[in-house]
Structures are given as structure tokens and as C-alpha cells.
Amino acid sequence: MEIVGWILLALLFLILLVLFVPIRVKAEFTETFRLRVYVFGCIRVWKTDGDEPPSKPKPEKPPKAEPASPAETAKKPKPSLKDELKALKEREGLGGVIGFFKQLLSIATGTLRRVMKYVTVRRISLCVRVGGKEADETAKTYGTVCAALFPVLSALSKVLRIRRKRVLVQPDFLAEAVTVRMRTVLWIWPFGIVGAAVVGLFRIVMTWIKATKAPVGASESINTKAEIRRDL
């Protein structure tokens, strides 16, 4: 038993260590996409290359269908999400459903902002060369790329901390296609991200329970209204 306890303690220490250790993520896109993940900024623990052929999954045998037991067949099916939202609409009207989704959106937005505090972009380099078959097509594509790219980067700069940024968009009248080259380095602190995600998930669950919890006598009144409508 003592050995099992020490093993569990070592696993817990390893999990806490991984959560508190910063992670460096290096992504590159030239002709293919490459991703590297480093612990402590220098120990590589995972990589992927776009030019590597994907491994073929082994065919799995379909599981045999087991006959349902009498206890399982006697269980009532749980209400689905659609049924819960329908019940919420009957209790509080359309405004209650809209207010519920507004709360979920507010929680998701706040959680995303807290998560982004623990992500830092140390460097991002982006080079886009815009080409086309004709000069007017190149100019039109160049304007479209600039109109779409720079507002997105400006919005990301307000959410993420970006230390070094180099973005270059150039028209290339000798090329016939658009080429993109990108290199970026991210630093991630897992403990903060996990903490923000847990808090956000807890708030969503509590909001869902509060919204779907019918007050005392509400279900009886709904059933009574349904019976009256059937009689009419």
C-alpha cells in the first residue's frame, strides 16, 4: 500500500509540475505546416509535420450488441436539450430563453479573455505575396487580402499580448497565385488556462441548472395547461 501511495503522490507531483511549467509552441507554414511543442522552452515533447503521410487506422471490429436488461428498459429517457429549452420558454417566455443565451455568451467571452491572459505571442512573422493571372486580378486580390487581414490582426492585438509582429503583404505581378509564409512562437501557461476553463465551466453548469430548474408546482401547472388544451 505504501508503494501505491508513493506512486500516486509522484503522479500528482508530475501533473502539478506540468501545469506550472511554461510551454513554448512554435508553428511554421511555408509549403507545409509544422508544429513543435517544448517544455521549459527547450525540451521538445511533441511535433507534427505536414509532409508526413498520415498513419492508416486499424479497422476496428464492430462491438456486439448486447440485449438490454429489464432495468435499463424500465428507465425513462432523460429530457433532451430541446425539451429543456422548450420548458424554459413555457415558464419564462421567449425573453427568458434569450436572457439564458446572453448569460452563456457573457460567460464564454469572459472565460476566453481570462484564457488569453495566459497566452503570449513572442513573435509572429507573416509574409503574403499576392499574384494573379492578370494585373487587375492581382490588384483586386491584394485589396481583398489587406481588407481582411489587417482588421483581424488588429482585433487579435487587443486580445492577445503580441511582443514582436512583422506583417508584410506585397503584390507580385509576376506570380500567378498567392503564397503565404508564416512563423510564430507562443508561450502558454497551462495552470492559468486550466483554472480559467474550470471556472468558466462551473459558471455555465450553474447557469444551466438555475435556468432548467423548474419552480415548485411549475411542472404541474404546465401539465394542467396541456390537459386543458387537449380538452378544448
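Phe-100, Phe-101 and Trp-208 are linked into a cluster by ring pairs, where rings of Phe, Tyr and Trp (its six-membered ring) pair if their centres lie within 6.5 Å. The structure, a predicted model, holds 2 aromatic pairs. Local features need pLDDT of at least 70 in this predicted model, side-chain atom pairs count only at pLDDT 80 or more, and totals for chains, interfaces and linings use all residues. Residues are numbered from 1 along each chain as its sequence is written, and side-chain values use heavy atoms, with hydrogens and water left out.

**Aromatic pairs**
- Phe-100 and Phe-101 pair edge-to-face, at 5.5 Å centre to centre and 70 degrees between the planes; planes under 30 degrees apart count as stacked, over 60 as edge-to-face and the rest as tilted.
- The rings of Phe-100 and Trp-208 have centres 5.5 Å apart and planes at 50 degrees, so this pair is tilted.
- Because Phe-100 lies in helix α3 (residues 81–116) and Trp-208 in helix α5, the pair ties together parts 108 residues apart in sequence; helices are DSSP runs of H or I with at least four residues, numbered from the N terminus.

**Accessibility**
- Phe-100 is buried at 4% relative accessibility (buried is under 20% relative accessible area, exposed over 50%, partly exposed in between, with a 1.4 Å probe and protein chains only).

**Helix α5**
- Helix α5 (residues 190–212) has 23 residues and reaches 33 Å from its first C-alpha to its last, close to the 33 Å expected at 1.5 Å a residue (1.5 Å times one less than the number of residues).
- Buried residues in α5 include Pro-190, Gly-200 and Thr-212.

Notes. Helix = DSSP H or I, 4+ residues; strand = E, 2+ residues; numbered from the N terminus.
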